[in-house]
Amino acid sequence: MLSHYRKVFSLIIALAIPPLLYADTSAEREALAHVIHELQAIEPLIDKAQTQSNQDARIRFQYDWLHPDFNRLEDVIHARIDSPRAELQPFPPLRGFFT
């Protein structure tokens, strides 16, 4: 299941970065808005996976860590959309997802 999430994350990043490197401000904002839309579309899939997870498994995916990470990603992207000329701030590392 982790590889599925890595693939989704990689796809989102791969789709977002190339247009952003060469886009003008309005095109960049549009692309970032699309990334936010995709992140929001993934959240119900995560919720579904969480309801189907085995709570007795020895190694469990930490869904309670994943949701705040998604929220941080959305916040950073919203900040970029709202202030495209501002200097980018460091992004705190995402948490690990397994215990």
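This is a predicted model: local features need pLDDT of at least 70, side-chain atom pairs count only at pLDDT 80 or more; totals for chains, interfaces and linings use all residues.
**Whole chain**

Start with everything selected and coloured by secondary structure. The protein shows three helices and zero strands, and reading along the sequence gives the pattern α-α-α. Of the 99 residues in the protein, 25% are buried. Now consider the contacts with a separation of 6 or more: 73% of them join residues 24 or more positions apart.

**Helix 2 and helix 3**

Select residues 25–51 for helix 2 and 63–82 for helix 3. How far apart are their axes, and at what angle do the two helices pack? The axes are 10 Å apart, and the angle is about 170 degrees. Angles over 145 degrees count as roughly antiparallel, so helix 2 is roughly antiparallel to helix 3.

**The nonpolar core**

In soluble globular proteins, nonpolar side chains tend to be buried together. Next, show side chains for Leu 39, Ile 46, Tyr 63, Leu 66, Phe 70, Ile 77 and Ile 81, the residues with the most contacts inside the largest nonpolar core. That core has 14 residues. Helix 2 and helix 3 each supply at least two of the core residues, and helix 2 gives the most, with seven.

Stay here and select Ile 77. Which residues does Ile 77 touch, leaving aside its neighbours within four places in sequence? The contacts are with Leu 32, Val 35, Ile 36 and Leu 39.

**Glu 28**

Move to Glu 28, in helix 2. Is Glu 28 buried or exposed? The relative accessible area of Glu 28 is 11%. Buried means under 20%, so Glu 28 counts as buried.

**Ser 83**

Finish at Ser 83, in the segment after helix 3. With a relative accessible area of 33%, Ser 83 is partly exposed. Select Arg 29 as well and draw a line between the C-alpha atoms. Ser 83 and Arg 29 are 54 residues apart in sequence, and the line spans 9.8 Å.

Notes:
Residues are numbered from 1 along each chain as its sequence is written. Side-chain values use heavy atoms; hydrogens and water are left out. A nonpolar core is a set of buried Ala, Val, Leu, Ile, Met, Phe, Trp, Tyr and Cys residues joined through side-chain atoms within 4.5 Å. Buried means under 20% relative accessible area, exposed over 50%, partly exposed in between (1.4 Å probe, protein chains only). Helices (H or I, at least four residues) and strands (E, at least two) are DSSP runs, numbered from the N terminus. Contact means heavy atoms within 4.5 Å. Axes are lines fitted to C-alpha atoms, for helices over the stretch in contact, and angles run from 0 to 180 degrees between N-to-C directions. Angles under 35 degrees count as roughly parallel, over 145 as roughly antiparallel, 65 to 115 as roughly perpendicular and the rest as oblique.
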